[in-house]
Amino acid sequence: MQILQIGRLSNDVNQHLERQYSACALWQQTQSGEFLQQSGADFELVVTSAAYGLNAAQIAALPNLRAVCSFGVGYDSIDVQALQQRGIALSNTPDVLTDCVADVAMGMLIDVSRGISAGDRYVRAGLWGSKQRFGMGSRVSGKKLGILGLGRIGLAIAERAQGFKMHIAYHNRHRVSALDYAYADTLQDLAAWADYLLVACPGGAATEHLVDAAVLQALGEHGFLINIARGSVVDEAALVQALAQNHIAGAALDVFEHEPNIPAALLQDERVVLTPHIGSATRETRMDMDALLLQNVAAFINKGQLLTPVS
Ligand code: NAP
């Protein structure tokens with residue numbers, strides 16, 4: 001079975017795909033569009049990632065494609081509808097990254113509330129001991145955490161937040177009956193209740209700009225927004241406005257609408273914590289994600305079935 005690899009992954013994965021399967025590296029082709037038009041029919045399996053994705057034009061240029069194995073849990077960059085129409089299977093790498101993303105979410109929540117990275121900047125700037133006092137933070141323990149998207153990562157965040165004696169509520173499209181956490185019928189209700197609104201749902205068209213000006217207004221002047229999901233879920237222009245007008249107290253963002261570009265207003269705002277999409281970026285988790293990606297490739301080649309298919 002011929003494999004096409006869309007973009008460069010870790011050295012281990014690149015070497016494994018090349019040595020074990022003689023995979024073809026699309027990113028090494030100087031004219032990737034022309035290459036796909038000429039040789040697309042050779043490939044039955046594609047390896048990609050949440051960052052590289054796979055669009056409708058690429059899928060159309062692969063007439064014999066049977067499966068796509070993607071690195072990462074989000075698949076909003078992959079045209080799932082185009083795959084479904086042709087019965088092409090898709091796998092991602094769920095679960096193995098859940099703990100690390102939840103750890104980062106809690107770290108960012110505490111940071112934006114207590115000013116850890118702002119305090120670091122203050123100390124390094126030599127301001128400690130000067131007339132310019134470092135401002136007061138906002139207590140985390142015992143506060144109300146509203147989670148948009150109580151799935152694998154959302155649940156792991158809720159478990160951690162319980163250790164901080166936080167009250168937890170969530171909004172999904174469907175109530176999870178097996179859970180005791182309070183369910184909010186609308187995102188606006190959740191935001192109005194919460195001290196912290198934490199975004200942990202998938203990206204893509206269905207969730208685009210779910211967090212808009214009205215939701216931010218509902219979150220309120222003492223409320224914080226934390227987004228570790230996808231930049232597309234938050235209306236970034238509305239967020240900039242909400243901060244400018246003090247409609248919310250601050251934001252912690254690991255993901256952005258146009259990564260790696262970030263609006264200047266966010267870069268300059270001391271009430272905003274910014275990280276470069278590092279949710280799953282630990283050595284251990286990335287090795288686990290590599291392993292799960294390769295297990296999916298092997299399972300499809302050897303048994304014709306993916307190990308962790310996206311349903
Ligand atoms: P998951 O288990 O599928 O959970 C997603 C949750 O979102 C589900 O509870 C789902 O419930 C809810 N949801 C889906 N669509 C919704 C909508 N339109 N409105 C409200 N809720 C909705 O996924 P996961 O493994 O927790 O991952 C979540 C996301 O985190 C990924 O898709 C990815 O984009 C992001 N992520 C980011 C990083 C990072 O580095 N920052 C790393 C990994 C993942 P219902 O189906 O009932 O709506």
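Helix H5 (98-114), helix H6 (116-124) and strand S12 (272-274) each contribute at least two residues to the lining of the second largest pocket; helices (H or I, at least four residues) and strands (E, at least two) are DSSP runs numbered from the N terminus. The model is predicted, so local features need pLDDT of at least 70 and side-chain atom pairs pLDDT 80 or more, whereas totals for chains, interfaces and linings use all residues. Residues are numbered from 1 along each chain as its sequence is written, and side-chain values use heavy atoms, without hydrogens and water.

To stay with this pocket: H6 gives the most to its lining, namely five residues. A pocket here is an open set of points on a 1 Å grid over the protein atoms alone, where a 1.4 Å probe fits, with protein on both sides within 12 Å along at least five of seven lines; lining residues have an atom within 4 Å of a point. Of the 28 lining residues, Val112, Gly115, Met136, Glu270 and Arg271 lie nearest the centre of the second largest pocket. By class, its lining holds 12 nonpolar, eight polar and eight charged residues, with Ala, Val, Leu, Ile, Met, Phe, Trp, Tyr, Cys and Pro counted as nonpolar, Asp, Glu, Lys and Arg as charged, and the others, Gly among them, as polar.

I turn now to the ligand. In its shell there are 14 nonpolar, 10 polar and four charged residues.
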